[in-house]
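User: Hello! I am new to this structure and would like to understand the words used to describe it. Could you take me through them?

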Amino acid sequence: MRITPRKVAAATAVAALGLTLTACSSGGDDDGAAVDTADKMVGAMEDYGVGTTFKATEPLEFGLMYRDHPNYPLQKDWSILKAFEEEHNVTFDIQSVPLADWQQKRALLISSGDAADLIPSTYAADVETLTSGGAVLPISDYLDYLPNFQDKVEKWGLQEDLDRLRQADGKFYVLPGLHESPKPSYSIAIREDWWEDAGLEDPKTWDEFADQLEVIKEEHPELDYPYTERWSINGPMEATLQAAAGNFGTEAGWGYGDGVTWNGSEYEYTGTSEGYKELVSYFADLVDRGLLDPEGLTQEDDPAIAKLTTGKVAALGVNDQEMTRYRTGFEEAGDKDAKLKEIVVPAGPAGNIMDATTGGQFESGIALSSSAAERDDFVAMLQFVDWLYYSDEGLEFAKWGIEGETYTKDADGTRTLADDVDWSGLNPGAPKLLNTDFGYYNGVWSLAHGSTSDLVRSTLTPEVQGFLDEMNKKDVAEKGPGIAMDEMQREESSLLQTNLQDLVMTATSQFILGDRSLDEWDAYVAEVESAGSQTYVDTVNQAAGVTE
């Protein structure tokens with residue numbers, strides 16, 4: 001889909017200067033080669049740096065792979081798109097991909113060489129198996145053109161984390177979204193009014209949560225189940241399993257990642273670890289006791305939400321944005337007495353711990369197609385990416401919009417949404433939404449909202465700020481060394497890990513639902529090992545430098 005049909009001009013005054021600029025390998029690149037960009041200066045700013053507002057010296061159009069979210073479908077007349085064109089001289093040739101097809105189609109477009117120049121909403125793990133074919137740009141070669149990115153990495157102490165993204169060639173291929181401090185957001189929403197009526201306080205541990213569900217079930221016999229789940233597209237209850245995993249000493253759900261977990265001395269295969277067994281056993285017990293709705297492992301989001309808002313369940317997985325959606329659902333259902341609360345993720349057998357992904361400071365980021373480096377406006381594209389995703393000005397713009405249109409700012413810097421604009425309940429009753437009606441607060445242009453602590457907190461209600469404060473009191477699981485596989489290791493491991501993960505996700509659902517007895521855990525472990533888990537783990541530990 002094309003938003004504004006505009007072609008890139010062939011020359012600019014900057015290019016005419018004949019500047020010979022190069023991007024030197026930085027922070028661990030092994031080849032030390034400089035990348036000549038003297039003929040790629042169309043539209044670039046000569047004096048661009050930290051604190052500079054990017055505006056191309058002439059109109060440019062960048063190819064953009066767009067993750068089209070059903071909650072805020074792409075609109076041609078969005079304010080953000082007008083601002084890009086009028087204030088920054090940038091329009092987009094958009095390659096639109098529906099959210100439901102995002103992961104699969106993105107991989108197909110990249111591997112076929114048909115991906116757009118800019119590929120946001122992407123983690124390093126999403127493209128690590130695609131880099132050997134040369135379709136993804138080694139962005140670490142061009143850090144000299146990303147001054148705001150480098151500035152925040154240094155200020156926020158993220159160099160070590162960044163180096164973990166490097167592959168065996170010493171390069172990394174995705175610019176991550178950066179948080180000044182961790183921003184966990186997923187947990188479970190409970191019917192606070194029912195908890196209070198039963199004399200219950202917020203659960204401190206997962207076992208206490210289970211006991212409380214028993215009480216709620218007794219107090220409300222009309223419920224089929226006190227608790228249901230959602231976010232089960234690629235695996236069972238992915239958000240809640242990730243949120244809970246650190247407390248069980250493992251990784252799971254959306255955080256399952258590359259399928260290995262650091263145990264302090266080496267990587268072990270996640271899906272057969274003792275911590276993973278304890279996590280699966282806990283939720284299997286909830287199903288067995290009639291506390292967790294079995295449909296929660298397969299149902300789509302809307303039916304799950306409807307069960308909560310119509311009083312059929314008392315708890316459901318949530319994040320801070322979805323709390324507003326749930327409350328609106330209660331209002332629409334005519335239930336004015338319902339009270340909701342997002343509980344702090346309870347502690348578990350391993351302690352009060354966030355998994356390394358949840359407790360990290362990286363968000364989904366942006367990759368570039370290798371063909372982008374062939375464009376004559378490549379440097380301008382890098383400057384735009386750096387300004388939008390990593391400058392203080394760009395971060396504020398992508399999140400809040402335009403001062404005077406979508407928000408106002410007081411002398412002390414406090415931002416307030418315009419009277420007719422709402423976001424996540426900050427301005428309830430306003431007829432317009434910051435993302436749906438204007439295009440701001442959109443993960444495509446704000447890298448899942450990685451940002452300064454001030455900007456993160458600026459769009460959070462006091463309730464959510466309190467949740468964030470409590471979550472950040474948790475310990476964070478040790479991340480382990482980077483896994484820098486070479487091309488041969490990557491090729492050998494890619495299909496192996498995909499098959500292993502499919503096996504694990506299938507078994508996870510079976511165990512939790514009771515379709516397979518946990519007495520068969522050892523047999524399941526043997527199946528995973530027969531499928532090559534030890535070979536995979538050995539390769540990982542070798543690539544991480546743990547073993548030879």
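This is a predicted model: local features need pLDDT of at least 70, side-chain atom pairs count only at pLDDT 80 or more; totals for chains, interfaces and linings use all residues.

User: Why is Tyr 389 called buried?

Analyst: Buried means under 20% relative accessible area, exposed means over 50%, and partly exposed is in between (1.4 Å probe, protein chains only). Tyr 389 has a relative accessible area of 5%, so it counts as buried. Tyr 389 belongs to helix H13; helices here are DSSP runs of H or I with at least four residues, strands are runs of E with at least two, and both are numbered from the N terminus.

User: Which residues does Tyr 389 touch, not counting residues up to four places away in sequence?

Analyst: Contact means heavy atoms within 4.5 Å. Tyr 389 touches Pro 120, Ile 366, Leu 395, Val 444, Trp 445, Ser 446 and Leu 447.

User: What makes Lys 339 partly exposed?

Analyst: The relative accessible area of Lys 339 is 35%, so the residue is partly exposed. Lys 339 sits in the loop between H12 and strand S12 (340-343). Leaving out residues up to four places away in sequence, Lys 339 touches Ile 190, Arg 191, Glu 192, Asp 193 and Glu 196. Lys 339 and Arg 327 are twelve residues apart in sequence, with 8.1 Å between their C-alpha atoms.

User: Why is helix H14 described as largely enclosed by the rest of the structure?

Analyst: Of the nine residues of H14 (residues 392-400), seven are buried, so the helix is largely enclosed by the rest of the structure. Those buried residues are Gly 394, Leu 395, Glu 396, Phe 397, Ala 398, Lys 399 and Trp 400. After H14 comes Gly 401, with a positive phi near 95°.

User: Why is H5 called oblique to H13?

Analyst: Axes are lines fitted to C-alpha atoms, for helices over the stretch in contact, and angles run from 0 to 180 degrees between N-to-C directions. Helix H5 (residues 147-155) and helix H13 (residues 378-390) pack at about 40°, and their axes are 7 Å apart. Angles under 35 degrees count as roughly parallel, over 145 as roughly antiparallel, 65 to 115 as roughly perpendicular, and the rest as oblique. That makes H5 oblique to H13. The contact is made by Pro 147, Asn 148, Phe 149 and Lys 152 of H5 with Asp 386, Trp 387 and Tyr 390 of H13.

User: What makes a space a cavity, and what makes it a pocket?

Analyst: On a 1 Å grid over the protein atoms alone, a cavity is a set of points where a 1.4 Å probe fits but cannot get out, while a pocket is an open set with protein on both sides within 12 Å along at least five of seven lines; lining residues have an atom within 4 Å of a point. The structure holds one cavity of 30 Å³ or more. The largest cavity has about 40 Å³ of space, and its lining includes Lys 152, Tyr 389, Leu 395 and Ser 451.

User: Is Ser 451 buried or exposed?

Analyst: Ser 451 has a relative accessible area of 1%, so it is buried. This residue lies in the loop between helix H15 (443-446) and helix H16 (453-458).

User: Which helix gives the most to the lining of the second largest pocket?

Analyst: H12 gives the most, with six residues. The lining has 14 residues, and Thr 324, Arg 327, Ser 424, Gly 425 and Pro 428 lie nearest the centre of this pocket.

Note on methods:
Residues are numbered from 1 along each chain as its sequence is written. Side-chain values use heavy atoms; hydrogens and water are left out. Grid points are joined across faces, edges and corners, and a volume is the space filled by probe spheres set on the points.
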